[in-house]
Amino acid sequence: MAPSATGDSAPMHIPAMSKASTINASVLHGPRDLRLEQRHIQEPGIGELQVAIKTTGICGSDVSYYKKFANGDLCACQPLSLGHESSGTVVAIGPHVTGFNVGDRVALEVGIPCGQCGICRQGRYNLCKKMRFRSSAKSFPHFQGTLQDRINHPATWCHKLPENISFDAAALLEPLSVALHAVNRATPTPGSSALVLGAGAVGLLTAAMARQSGCSTVTIADVDQGRVNFAIAKGFATHGYVVPKQLHTSSSCSSLYNSSNSGTSTPCEGVMTPASTISFQSSLDTAKTLAAEMLAEANDSSPLIDDEGDGVDITFECTGKEVCMHTALYATKAGGKVIMVGMGTPIQTLPMSVAHLREIDILGIFRYANTYATGIKLLCARNRPTRGGYALPNLDEMVTHRFKGLDNAKGAFELASRTVDDDGNLVLKVVIEAE
């Protein structure tokens, strides 16, 4: 479970000036219908902290809600504040909270489980059926996100930050946690080889965590040349592969490796027909070609050892696209693992015999559990390389664009849905900062 909100230092309680105060919130009412509104916030309750939000990163799921008022098969049915990658400072402390002082810098873990069910007691609280996750439409009433001036949040899920971690890097602890959880599930051994499909924020951080865990070769693939170049230049991956344009477009119902809706696509309607069977076979042929080219990219600069040319030990699929899962299966060696990180297409048709006959383990991950403390330690030790000589890249450099104030949220969401800005610069992580 997460660390307890207890400690030796005495809490500093401040009296509230009134029962409730007024704050600004960015609220989504429908597709692209984002409004700046005023809300009332109460004093923090028992076990809660009131946190002034300093930085919120825009996630792919946020962009999906912004564009469609839905994320995959989760449809919002009431106004929703977005944002869940956040950090801030403590401005008020509720009753029965110890270990925090006003002014403490914190990263927010925004999923709140029940803490009582069997799965919570096993420590896998990310799978709790009663989980309430900020900015998600899964629970009703929806748990409002962090794009607000201040929020009240359980102290147990607020993680204190040292001064050498910026608010931007602290906000990125959320996607870093996804990467940590993915690598923890994969359990790579030192010297393993890995392939990461998708070079968005989660893909980049997954590649970095794979290297951190001892993988000697980490290849990252994406449709966007700029993102692949960034991954190699900043040390997130050892090798990169850019999907050729002719291979990531298709006349079938689903675009291959379409970065504009990666992770947010929905399955095609209808039943399997002879024509769609041919299309599916074409998709598999494309996936085989891509897998072979990705493996060749890594092998060109690394001498083959035994059967290294037959595939990688672990593939992390970070896009949620069906054809990427096909590619992942063909790129993974016999006895290897495919880790499903990206969420997008809820129903997929896969060549299961590829996994069955070669004993490839397919493991799903959902968000994260017990990762924030580790993430903070990794950021603190960023300038101290591992025994293998790898140093975690600077997460602040992943933030390519910053918008000041909630009134500029709409522009931030529009930009976050693109891969380059109007000047042709790479768009990777867009954050909204407090004024």
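The legends below describe close-up views of a predicted model.

**Figure 1. Overview of the predicted protein.** The protein has 435 residues, and 52% of them count as buried. Its secondary structure comes to 11 helices and 19 strands. Among contacts between residues at least 6 apart in sequence, 71% join residues at least 24 apart.

**Figure 2. Helix 4 against helix 10.** Helix 4 covers residues 173-186 and helix 10 covers residues 372-380. On the side of helix 4, the contact is made by L173, E174, L176, S177 and L180. Helix 10 contributes Y372, T374, G375, I376, L378 and L379. Sorted by class, the contact between the two helices has 7 nonpolar, 3 polar and 1 charged residues.

**Figure 3. Surroundings of T371.** T371 sits in the loop between strand 17 (361-364) and helix 10. With a relative accessible area of 2%, T371 is buried. Apart from neighbours within four places in sequence, T371 is in contact with S177, L180 and H181. Of these, S177 and L180 also take part in the contact of helix 4 with helix 10.

Figure 4. The loop between strand 16 (332-340) and helix 9 (352-357) contains V341. Buried means under 20% relative accessible area, so V341, at 8%, counts as buried. When neighbours within four places in sequence are set aside, the contacts of V341 are V178, A182, V202, F316, E317, C318 and I365. V341 and A179 are 162 residues apart along the chain, and their C-alpha atoms are separated by 8.3 Å.

**Figure 5. Aromatic pairs.** The whole structure contains 4 aromatic pairs. One of them is formed by Y125 and W157, with 5.0 Å from centre to centre and 55 degrees between the planes, and this pair is tilted. Y125 is in the loop between helix 2 (118-121) and strand 9 (132-133), while W157 is in the loop between strand 10 (150-154) and strand 11 (158-160), so the pair ties together parts that are 32 residues apart in sequence. Y125 and W157 are both buried. F230 and F236 form a pair with ring centres 5.7 Å apart and planes at 25 degrees, so this pair is stacked. F230 and F236 are buried as well.

Figure 6. Most residues other than glycine have a negative phi, and most peptide bonds are trans. The peptide bond from F140 to P141 is cis, with omega near -5 degrees. P141 belongs to the loop between strand 9 and strand 10. R32, which is not a glycine, has a positive phi, near 60 degrees. R32 lies in the loop between strand 1 (20-30) and strand 2 (33-42), and R32 is partly exposed at 38% relative accessible area. T187, also a residue other than glycine, has a positive phi near 45 degrees. The loop holding T187 runs between helix 4 and strand 12 (193-197). T187 has a relative accessible area of 48% and is partly exposed.

Note on methods:
Residues are numbered from 1 along each chain as its sequence is written. This is a predicted model: local features need pLDDT of at least 70, side-chain atom pairs count only at pLDDT 80 or more; totals for chains, interfaces and linings use all residues. Side-chain values use heavy atoms; hydrogens and water are left out. Helices (H or I, at least four residues) and strands (E, at least two) are DSSP runs, numbered from the N terminus. Buried means under 20% relative accessible area, exposed over 50%, partly exposed in between (1.4 Å probe, protein chains only). Contact means heavy atoms within 4.5 Å. Axes are lines fitted to C-alpha atoms, for helices over the stretch in contact, and angles run from 0 to 180 degrees between N-to-C directions. Ala, Val, Leu, Ile, Met, Phe, Trp, Tyr, Cys and Pro count as nonpolar, Asp, Glu, Lys and Arg as charged, and the others, Gly among them, as polar. Rings of Phe, Tyr and Trp (its six-membered ring) pair if their centres lie within 6.5 Å; planes under 30 degrees apart count as stacked, over 60 as edge-to-face and the rest as tilted.
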